[in-house]
Amino acid sequence: SSGINAECPLRPGFVFLAIVALDDIQLWERMLLIFTEQNSYPPTSYIRKVPQKAVHTFTIIQVIQLAVLCAISFSGSPYLKMLFPALLILMIPIRSKLVPKLIKEQYLKALDGHI
């Protein structure tokens, strides 16, 4: 093999698109809120309806889920990678059964309603 990777020239473009799109991703916005003083929060609809603790709890749960999925996905082991679909399916009962025990349903509706 010549060692030339056809994807290599495209990577900077994809990285640029990912960084530019961060402003439109609610998870990213909520992650930044963890490090922002409450009086500096933007006047977003779900922030007005949901207490700060519930927003942060929801964000931390989602970041943990994302980290687990990324760790499995980027692992070098093909056996771990085979677990990815099962873990992805496992996210459904976590969201529908576990998260409502930690955050009130009305707050979850407000957080989920922001698209």
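Select Phe35 first. In this predicted model, Phe35 sits in the loop between H2 and helix H3 (45–49). Is Phe35 buried or exposed? Phe35 is exposed, with a relative accessible area of 73%.

**The nonpolar patch**

Which helix gives the patch its largest share? H4 does, with 3 residues.

Now pick out Val68. Val68 lies in helix H4. Its relative accessibility is 38%, so Val68 counts as partly exposed.

**Helix H2**

Next, select residues 26–34, which form helix H2. Which residues of H2 are buried? They are Gln26, Leu27, Arg30 and Leu33. Colour these four and look down the helix axis. They cover an arc of only 115 degrees around the axis, so they lie on the same side of H2.

Move on to Ser75. Ser75 is in the loop between helix H4 (52–73) and helix H5 (78–81). Its relative accessible area is 13%; because the cut-off for buried is under 20%, Ser75 counts as buried.

Show the Ser75 side chain and the backbone of Ile72. A polar atom of the Ser75 side chain lies 3.0 Å from the backbone oxygen of Ile72. Then show what else surrounds Ser75. Beyond its neighbours within four places in sequence, Ser75 is in contact with Leu80 and Lys81.

**The salt bridge**

How many salt bridges does a search of the whole structure find? The search finds 1. To see the bridge, select Asp112 and Arg95. Their side chains meet at 2.1 Å, N to O. Side chains of opposite charge can pair when their charged atoms come close.

Finish with a surface view of the two partners. Asp112 has 41% relative accessibility, so Asp112 counts as partly exposed. Arg95 has 25% relative accessibility and also counts as partly exposed.

How values were computed: Residues numbered from 1 in each chain as written. Predicted model: local features only at pLDDT ≥ 70, side-chain atom pairs only at ≥ 80, totals over all residues. Heavy atoms only, no water. Helix = DSSP H or I, 4+ residues; strand = E, 2+ residues; numbered from the N terminus. Buried < 20%, exposed > 50% of the residue type's maximum accessible area, 1.4 Å probe, protein only. Polar contact = N/O pair within 3.5 Å; in protein donor to acceptor, adjacent residues only side chain to side chain. Contact = heavy atoms within 4.5 Å. Arc of directions from axis to C-beta. Salt bridge = Lys/Arg side-chain N within 4 Å of Asp/Glu carboxyl O.
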